[in-house]
Amino acid sequence: MRLTQGQFSFLPDLTDEEITKQVQYALDQGWAVAVEFTDDPHPRNSYWTMWGNPMFDLRDAKGVMMEIDACRTAHPEQYVKVLAFDSSYGFETVRMSYLINRPAVEPGFELLRSEGPGRRIGYTVRSYATGRPSGERYGGEARHGA
Amino acid sequence: MSDAADLLDPEATPETRDRPSDAPFVDLDALYRESGIGEMLEGMDHELVGLLPVKTRIREIAALLLVERARRSIGLRAEPPSLHMCFTGNPGTGKTTVARRMAGLLHGLGYIRRDHVVSVTRDDLVGQYIGHTAPKTKDVLKRAMGGVLFIDEAYYLYRPENERDYGQEAIEILLQVMEDNRDDLVVILAGYRDRMEVFFRSNPGMASRIAHHVDFPDYEAAELLEIARLMTEGMQYRLAPEAERAMADYILRRMAQPRFANARSIRNALDRARLRQANRLFEARGNAIAANDLLTIAEEDIRRSRVFTQ
């Protein structure tokens, strides 16, 4: 099951050229761009691991692309996303967020039901991948220190 | 059918061979005008005094890039030329100023994507402990991407007296990026000539990756006077005619003294002259001061310099 999260997620995966343009757009708006990765794709998991600090002082997308490439090389079998943070007053929040890397095989999510008092059903989802310890998910990628 | 294209690219398919003939004439002049380098070069001529060899070299580089662009417009391809440069010269000969202009020029010619210069020295590139240098250098490189990286006093990167110096690591990362990211970054090294020569001798890899060595000559006395005139204008002051003669005297005397730093010495001299002018006006504050007095540097402001008493 193809994970859809953030912007552009119903489009085909962005090419490097397209990512460059999106990053350049964010930088031109004066937003700080950050790269994050995770192997826990639950939609409510907002704590992805940061790949270095957000890049506050860049003007050209190439610098970000270098970090993106480095992160993808280090974690080819994990989800990687790009964030653009707008620090201006009134926003002070993430303005862009999109996936730029995904594992080759995505097992998807299991729908869990739990029966409560009065036959009330509580629903939740659980990624099949998270059944294994972090670092061994998605094709048993070697464990990383990060 | 274009013969030139056939010669250059014997493997070309008929399709690619046909392409150049679509536009057999290239309007180099139009390219020149739309790139805006004409004004930039002219501005350089007006605002930078002397430096003839430097200006000639910059014109040559501009011509090369313009022709390169014209070639590309008719479908002739070539590796982008390497534009890493080394500026050598004594202090105050305008290396930093020219580097800043270089960014504008290269940007106008479409060689770099952004019109920005990131100016660094050894401290920004080299870390203080093991493992500190690489991230530091990479951060600087990331910041400079798409523009010009100006490394002032570049010879400090290499310290032969300490074989464990981390400068070598920074040099290696720099070399890698200079080679791999040629179309993303132009690196300009600057420094005194003799020290840069030592630096290049011990880093042959660096020497061979730098295509343009530009030497900044010292200024003549007349050029320095012209610079003084431009600087006072820039600071919205005026040299009185006698003050200008005093300035010419000052320059001749100062040039003979040790630690003469060309235009920088002139700037310092002018700053001190401003100080003395302000003091002179302040001492005479009982009288009304005309607007003219406020902007004129008088002869005595310059003559009272230490240079004349020594």
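Reader: Is B:Phe216 buried or exposed?

Author: A residue is called buried under 20% relative accessible area, exposed over 50% and partly exposed in between (1.4 Å probe, protein chains only). B:Phe216 has 3% relative accessibility, so it counts as buried. This is a predicted model, in which local features need pLDDT of at least 70 and side-chain atom pairs count only at pLDDT 80 or more, while totals for chains, interfaces and linings use all residues. Residues are numbered from 1 along each chain as its sequence is written, chains are lettered from A and ligands numbered from 1 in the order in which they are written, and side-chain values use heavy atoms, with hydrogens and water left out.

Reader: How many aromatic pairs does the whole structure hold?

Author: Rings of Phe, Tyr and Trp (its six-membered ring) pair if their centres lie within 6.5 Å; planes under 30 degrees apart are stacked, over 60 edge-to-face, and the rest tilted. Over all chains, the search finds nine such pairs. One of them is B:Phe87 with B:Phe216, a tilted pair at 5.0 Å centre to centre and 50° between the planes.

Reader: Which strands of chain B hold B:Phe87 and B:Phe216?

Author: Helices (H or I, at least four residues) and strands (E, at least two) are DSSP runs, numbered from the N terminus. B:Phe87 belongs to strand β1 (residues 85-89) and B:Phe216 to strand β5 (residues 212-216), so that the pair links distant parts of the chain, 129 residues apart.

Reader: What is the geometry of the pair formed by B:Tyr250 and B:Phe308?

Author: This pair is tilted, with 6.1 Å centre to centre and 55° between the planes. B:Tyr250 lies in helix α13 (residues 241-256) of chain B and B:Phe308 in helix α17 (residues 306-309) of chain B, so the pair ties together parts 58 residues apart in sequence. B:Tyr250 is buried at 2% relative accessible area, and B:Phe308 also counts as buried, at 16%.

Reader: What volume does the largest pocket have?

Author: On a 1 Å grid over the protein atoms alone, a pocket is an open set of points where a 1.4 Å probe fits, with protein on both sides within 12 Å along at least five of seven lines; lining residues have an atom within 4 Å of a point. Points are joined across faces, edges and corners, and the volume is the space filled by probe spheres set on them. For the largest pocket the volume is about 590 Å³. Its lining has 24 residues, and the closest to the centre are B:Gly92, B:Gly94, B:Thr97, B:Met231 and B:Ala263. In chain B, α6 (95-108), α12 (221-234) and α14 (262-283) each supply at least two lining residues.

Reader: How do the lining residues of the largest pocket divide by class?

Author: Ala, Val, Leu, Ile, Met, Phe, Trp, Tyr, Cys and Pro count as nonpolar, Asp, Glu, Lys and Arg as charged, and the others, Gly among them, as polar. The division is 10 nonpolar, seven polar and seven charged.

Reader: Which residues lie nearest the centre of the second largest pocket?

Author: They are A:Asn53, A:Met55, A:Glu67, B:Asp139 and B:Lys142, out of 14 lining residues. This pocket has a volume of about 300 Å³. Helix α8 (residues 133-144) of chain B gives the most to its lining, namely five residues. The lining comprises six nonpolar, two polar and six charged residues.

Reader: How many helices and strands are there in chain A?

Author: Chain A has three helices and six strands, in the order α-β-β-α-β-β-β-β-α from the N terminus. Of its 146 residues, 39% count as buried.
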